Amino acid sequence: MHTLDIIRIIASLLAIAVGVALAGRRAWFLWRLLRKAQPMPDRWGHWGTKLKYQLRHVLGQEKILRWTGAGIAHVFVFWGFVILQSQSVEALGEVFDPDFHIPLIGRWEVLGFLQDLFSVLVLLGVAMFAIYRLAQSPQLLGMKSRFAGSYLNHGWYVLLLEFGLLYTVMILRATRAAHGTLPYPRGAFISQWLGETLFAGVGEFALDLIATVFLIAHIAVLFGFLVFIMNSKHLHIFSVVPNVLFARLPKALGALEAEKIDVESMSEDDVLGVGEIDHFGFKRFLDMYTCTECGRCQSQCPAWNTGKPLSPKLVIMDLRDHLYAKGPYMLDPALAGRNDPAADLAPPNGHENIDILNMKLVGDTPGEDNAVIDFDVLWSCTTCGACVEECPVDIEHVDAILDLRRYKVQMESSFPQEAGGMLRNVENAGDPWGLGQSKRMEWAHGLDVPVVNGQIPDDVEYLFWVGCAGALEDRSKKVTRTVAQLLNQAGVRYAVLGQQESCTGDPARRLGMEYLFQMMAQANVELLNGVGARKIVVWCPHCFNTIRNEYPAFGGTFEVIHHTQLLAQLVDDGRLAPQSAIDKKVTYHDPCYLGRHNEIYDPPRAVVDAVQGLEKVEMQRCRNHGFCCGAGGARFYMEETIGKRVNHERIDEALELDPDLVSTACPFCFAMLDDAVSDKVGRGDLAEGRTKVVDVSQILAESLLPVAAVNGERDHKSVNVAVPEEGSNAERAGQP
């Protein structure tokens with residue numbers, strides 16, 4: 001055995017041993033930490049469906065490719081490193097045998113071709129990512145950069161290590177080609193070309209020396225990269241498979257996850273929600289492990305885009321940093337009494353001087369130093385789901401935020417005080433405004449609207465769930481009348497619950513008051529089952545989502561459709577045929593709980609498309625990329641004092657198209673956008689009457705019904721839509 005052989009073997013084995021030891025130690029720490037999380041039994045099972053999803057989502061890079069440029073670069077790197085692991089296997093074999101090739105496939109020319117092809121593609125992907133990082137630099141773009149708040153150096157280290165892996169192995173393969181020992185004399189076209197170009201005429205000893213140096217370098221970079229992966233955001237290359245495997249399908253939107261609350265069986269030790277990091281379920285830990293800090297969620301978040309402190313990415317990062325910092329104490333409680341905890345027990349970023357064990361997970365007031373998540377961060381979320389929609393690794397940001405809210409609301413009664421009125425009203429009066437059941441049928445005055453009395457008759461096809469806003473909020477009541485008139489005109493047999501109807505509990509659940517929601521849900525399910533409800537048509541997407549997706553957990557399984565779905569079907573069946581053309585420009589705002597949460601994008605557009613003469617234009621952010629109105633997550637009932645109002649941001653985007661009508665299909669979107677228009681008019685930024693906010697049903701009705709009927713009047717005189725007075729979000733909690 002020659003001296004170079006001895007050096008090659010000893011140095012390579014040393015690099016492997018150190019790398020495996022350090023990476024293994026970290027992997028053991030992460031595994032033990034994961035086992036400290038709470039079990040989530042509902043995440044097990046349905047393996048066939050999950051395997052198909054895994055193939056499409058991980059191997060197919062489905063969500064990654066939604067962002068074309070970065071997606072293509074990631075596909076190059078992902079598939080490149082899947083294939084190029086064969087090069088690393090060859091390098092490991094070469095430590096002991098310079099002529100090594102992989103058994104069975106090691107001389108297959110196709111493999112050699114793919115290795116060289118993807119070496120070039122990975123280098124191209126690395127270059128694309130480097131350019132993208134420079135273009136998206138927070139130093140240039142500030143908060144608009146999706147990398148704002150990320151650990152920027154980690155990204156550059158990854159690119160340098162990936163380049164190092166490729167560079168060292170390409171030189172190594174070139175020496176083998178020059179030596180004549182490369183097992184792919186024709187397929188490995190790049191390696192052969194480099195061997196002929198770089199090492200033509202180089203002597204035998206020099207080739208051996210170069211090969212030894214670059215082999216050791218490649219193995220050192222390979223196992224150094226492994227150690228880096230286990231200690232950085234690049235951990236996702238290992239954790240993404242289990243994270244996607246245990247993800248909620250088809251995505252973590254629609255219904256929220258929460259345990260059933262049985263007050264009678266609770267003890268003093270029971271906890272509602274998450275007040276400590278180890279209260280989270282194991283999927284939340286996997287989310288923290290898997291965050292790539294790519295910032296796609298952040299770039300789409302309505303709170304972040306309007307100057308608020310909430311970034312879904314930073315929430316996950318802060319929780320992850322806290323988990324890693326507190327992890328050693330969780331695994332060994334005896335550490336809490338030590339004065340010199342291990343060096344890797346550093347507090348989360350930005351909390352260097354805080355005692356980890358005494359940190360609050362969420363602050364009770366804005367700006368608390370000893371809180372992992374700031375008060376304003378938690379309560380800025382509209383639960384719109386844009387973060388979940390965009391996340392390429394299936395992190396469930398909204399679920400994590402609601403876990404935290406449940407604890408603050410139910411265990412500590414810590415939440416924005418203006419939301420308290422809404423909770424009291426829902427509990428005591430059955431609606432967020434506290435108007436009571438006696439007001440629930442005022443919207444139908446003068447209309448022929450059947451009210452359920454006992455069992456729903458067999459000839460009634462639909463139960464029309466009006467909802468609190470549809471029954472009690474002035475602007476929404478006009479839409480409810482319009483929908484009822486359209487159903488009457490189409491000959492649809494329907495009925496309403498009238499004074500029996502109550503709040504679905506959605507605003508309480510999104511605020512975090514899970515107990516109140518479950519109380520409302522159980523009562524409503526009992527009522528709906530009692531009257532024999534089968535098909536329910538709903539015009540509020542929040543009610544729609546709750547009855548459709550959340551009531552089944554309480555024994556209420558119904559066929560639930562949105563009013564735009566029914567109207568689109570009635571038009572398609574010819575039961576509603578628009579008569580007159582409308583010469584106006586219209587754009588449509590996708591409600592989050594109808595669109596992203598329930599994938600209903602086309603029916604509202606189909607209703608508008610049925611009306612002739614309209615010029616239909618889409619906002620830049622639409623469909624699954626739509627921008628929130630700002631009302632979700634119970635934000636409708638809270639003040640908005642930080643940054644720009646979300647509804648103002650959305651209406652500004654709509655007004656860029658200079659529309660006559662801004663249409664939507666949700667009472668809360670209707671109110672928020674209409675308020676934003678009124679604010680614009682009040683400031684003199686928009687001419688009064690230039691742009692109106694309408695429900696899509698009102699557009700259809702305008703071509704079918706007299707103008708007075710569309711505006712909720714009982715006679716047939718032509719009147720204008722009333723412009724509502726400007727009001728704050730807090731005022732909405734106390735009055736319609």
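Where is Gln192 found? Gln192 sits in helix α7 (residues 189-198), and helices here are DSSP runs of H or I with at least four residues, while strands are E runs of at least two, both numbered from the N terminus. What you're looking at is a predicted model, where local features need pLDDT of at least 70, side-chain atom pairs count only at pLDDT 80 or more, and totals for chains, interfaces and linings use all residues. Residues are numbered from 1 along each chain as its sequence is written, and side-chain values use heavy atoms, with hydrogens and water left out.

**Two residues to start with**

- Gln192 is buried, with a relative accessible area of 15%; buried means under 20% relative accessible area, exposed over 50%, and partly exposed in between, using a 1.4 Å probe and protein chains only.
- Setting aside neighbours within four places in sequence, Gln192 is in contact with Ala177, Leu182, Tyr184 and Pro185, where contact means heavy atoms within 4.5 Å.
- His154 has its place in helix α6 and is partly exposed, at 22% relative accessible area.
- If you skip residues up to four places away in sequence, His154 touches Phe228, Ser232 and Lys233.
- From His154 to Ala178 is 24 residues in sequence and 36 Å in space, C-alpha to C-alpha.

**Salt bridges**

- How many salt bridges does the structure hold? There are 54 of them, each being a side-chain nitrogen of Lys or Arg within 4 Å of a carboxyl oxygen of Asp or Glu.
- As background, side chains of opposite charge can pair when their charged atoms come close.
- Glu90 pairs with Arg173 in a salt bridge, with the closest N and O atoms 3.4 Å apart.
- That pair links distant parts of the chain, as Glu90 is in helix α3 (residues 68-94) and Arg173 is in helix α6 (residues 152-179), 83 residues apart.
- Both Glu90 and Arg173 are buried.
- Lys439 and Glu442 also meet through their side chains in a salt bridge, at 3.6 Å from N to O.
- Lys439 is partly exposed, with a relative accessible area of 36%, and Glu442 is partly exposed too, at 43%.
- Arg440 has a salt bridge with Glu501, the closest N and O atoms being 3.5 Å apart.
- Glu501 lies in the loop between β4 (494-496) and α20 (506-511), and Arg440 in the loop between α17 (419-429) and β3 (462-465), so this pair ties together parts that are 61 residues apart in sequence.
- Glu501 is buried, with 2% relative accessible area, and Arg440 counts as buried at 2% as well.

**The sheet with β3 to β6**

- Here you'll find an open sheet of four strands in the order β4-β3-β5-β6, with parallel pairing; two strands pair if DSSP finds at least two bridges between them.
- The edge strands are β4 and β6 (559-562), and each pairs on one side only.
- From one strand to the next, the twist averages 30°; axes are lines fitted to C-alpha atoms, for helices over the stretch in contact, and angles run from 0 to 180 degrees between N-to-C directions.
- β3 and β4 run parallel and are joined by three bridges, and Tyr462 has Tyr494 in β4 as its bridge partner.
- Helix α23 (residues 563-572) lies across β3, β5 (535-538) and β6, running at about 80° to β6.

**The sheet with β7 to β10**

- This open sheet has four strands in the order β8-β7-β9-β10, and the pairing is parallel.
- β8 (615-617) and β10 (692-695) stand at the edges with a single partner strand each, so one side of each is left without a neighbour in the sheet.
- The twist in this sheet averages 30° from one strand to the next.
- Three bridges pair β7 (residues 585-588) with β9 (residues 661-664) in the parallel sense, and Val586 stands opposite Leu661 in β9.

- The axes of α25 (residues 646-655) and α26 (residues 667-683) come within 9 Å and cross at roughly 75°.
- That makes α25 roughly perpendicular to α26; angles under 35 degrees count as roughly parallel, over 145 as roughly antiparallel, 65 to 115 as roughly perpendicular and the rest as oblique.
- Residues in this contact include Ile651 and Leu655 in α25, and Met672 and Leu673 in α26.
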